[in-house]
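I opened this model to see how its parts pack. These are my notes, in the order I looked things up.

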Amino acid sequence: MKAKTLEVDKENPNSWKKYTQNSCKTCAATCCTMPIEIRWEDLVSLNLVAEKDLSKPLKTIVARLKREKVITAYREDSGLFALKQTSEGKCRYLVGNKCSVYGNRPLVCRLFPIEAGWRHGFCPQKPIA
């Protein structure tokens with residue numbers, strides 16, 4: 001009897017596939033449709049804020065970033081900002097199937113899926129349609 005193959009579901013880490021160096025080459029950038037929480041340093045490297053902005057009240061910066069539709073939330077307990085996704089539910093920096101800010105991408109993107117994410121060493125890779 002043939003084993004049933006579990007379809008990959010980005011919300012279910014148990015369905016994720018083992019990550020390899022070639023995983024991204026044939027993937028539809030599924031990880032870029034997951035929520036992305038970034039640090040202050042990432043906002044700076046993406047030129048969304050300036051280092052000098054840190055001297056302003058954080059509440060003011062958070063309000064501006066929300067108003068500009070850059071973030072959806074700020075979690076004070078972790079110091080992380082939730083990056084706003086496009087209307088299609090993708091990362092704002094995903095163009096085609098490539099990261100348009102790859103050299104300056106946030107730390108969480110650099111570490112995923114090896115050191116960051118729900119299941120280290122696995123990712124929600126789906127083939128490019």
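**Helix 2.** I began with the side of helix 2 where Lys59 and Arg67 are exposed. Exposed means over 50% relative accessible area, buried under 20%, and partly exposed in between, with a 1.4 Å probe and protein chains only. Helices (H or I, at least four residues) and strands (E, at least two) are DSSP runs, numbered from the N terminus. This is a predicted model: local features need pLDDT of at least 70, side-chain atom pairs count only at pLDDT 80 or more, and totals for chains, interfaces and linings use all residues. Residues are numbered from 1 along each chain as its sequence is written, and side-chain values use heavy atoms, with hydrogens and water left out.

I then turned to the other side. Ile61, Val62 and Leu65 of helix 2 are buried. Seen down the helix axis, these buried residues fall within an arc of 100°, so they line one face of helix 2. The arc is taken from the directions from the helix axis to the C-beta atoms. I noted the background: an α-helix has 3.6 residues a turn, so residues three or four places apart point the same way.

**Positive phi.** Lysine 69 follows helix 2. Its place is in the loop between helix 2 and strand 3. Lysine 69 has a positive phi of about 60°, although it is not a glycine. Lysine 69 counts as exposed because its relative accessible area is 52%. I found another case at asparagine 47, where phi is near 60°. Asparagine 47 lies in the loop between helix 1 and helix 2. At 69% relative accessibility, asparagine 47 is exposed too. Most residues other than glycine have a negative phi, and most peptide bonds are trans.

**Cis peptide.** I checked omega as well. The bond joining phenylalanine 112 and proline 113 is cis, with omega about 0°. Proline 113 sits in the loop between helix 3 (107–111) and strand 7.

**Strand 4.** I followed its partners next; two strands pair if DSSP finds at least two bridges between them. Strand 2 (residues 37–38) runs antiparallel to strand 4, joined by 2 bridges. There, isoleucine 38 stands opposite phenylalanine 81. Strand 3 (residues 71–75) is also antiparallel to strand 4, with 4 bridges. Isoleucine 71 faces leucine 83 across that pairing. The hairpin of strand 3 and strand 4 has 4 residues between the strands, and glycine 79 takes a positive phi near 75° there.

**Cores.** I looked up the nonpolar cores: sets of buried Ala, Val, Leu, Ile, Met, Phe, Trp, Tyr and Cys residues joined through side-chain atoms within 4.5 Å. The largest has 21 residues, and Leu43, Leu65 and Phe81 touch the most other members. Helix 1 (40–45), helix 2 (58–67) and strand 4 each supply at least two residues of this core. A second, separate core has 5 residues, including Met34, Phe112, Phe122 and Cys123. In soluble globular proteins, nonpolar side chains tend to be buried together.

I also listed the neighbours of leucine 43. Not counting residues up to four places away in sequence, leucine 43 touches Ile38, Leu48, Val49, Leu65 and Phe81.

**Glutamine 125.** I found this residue in the segment after strand 7 (122–123). Glutamine 125 counts as buried because its relative accessible area is 12%. What does its side chain make a polar contact with? The side chain of serine 23 is one partner, at 3.2 Å. The backbone oxygen of lysine 18 also lies 3.2 Å from a polar atom of the glutamine 125 side chain. A polar contact is a pair of N or O atoms within 3.5 Å; within protein, one must be able to donate a hydrogen and the other to accept it, and residues adjacent in sequence count only if both atoms are side-chain atoms. Leaving aside neighbours within four places in sequence, glutamine 125 is in contact with residues including Val8, Tyr19, Cys27 and Thr30.

**Whole chain.** The protein has 3 helices and 7 strands. Of its 129 residues, 34% count as buried.

Technical notes: Contact means heavy atoms within 4.5 Å.
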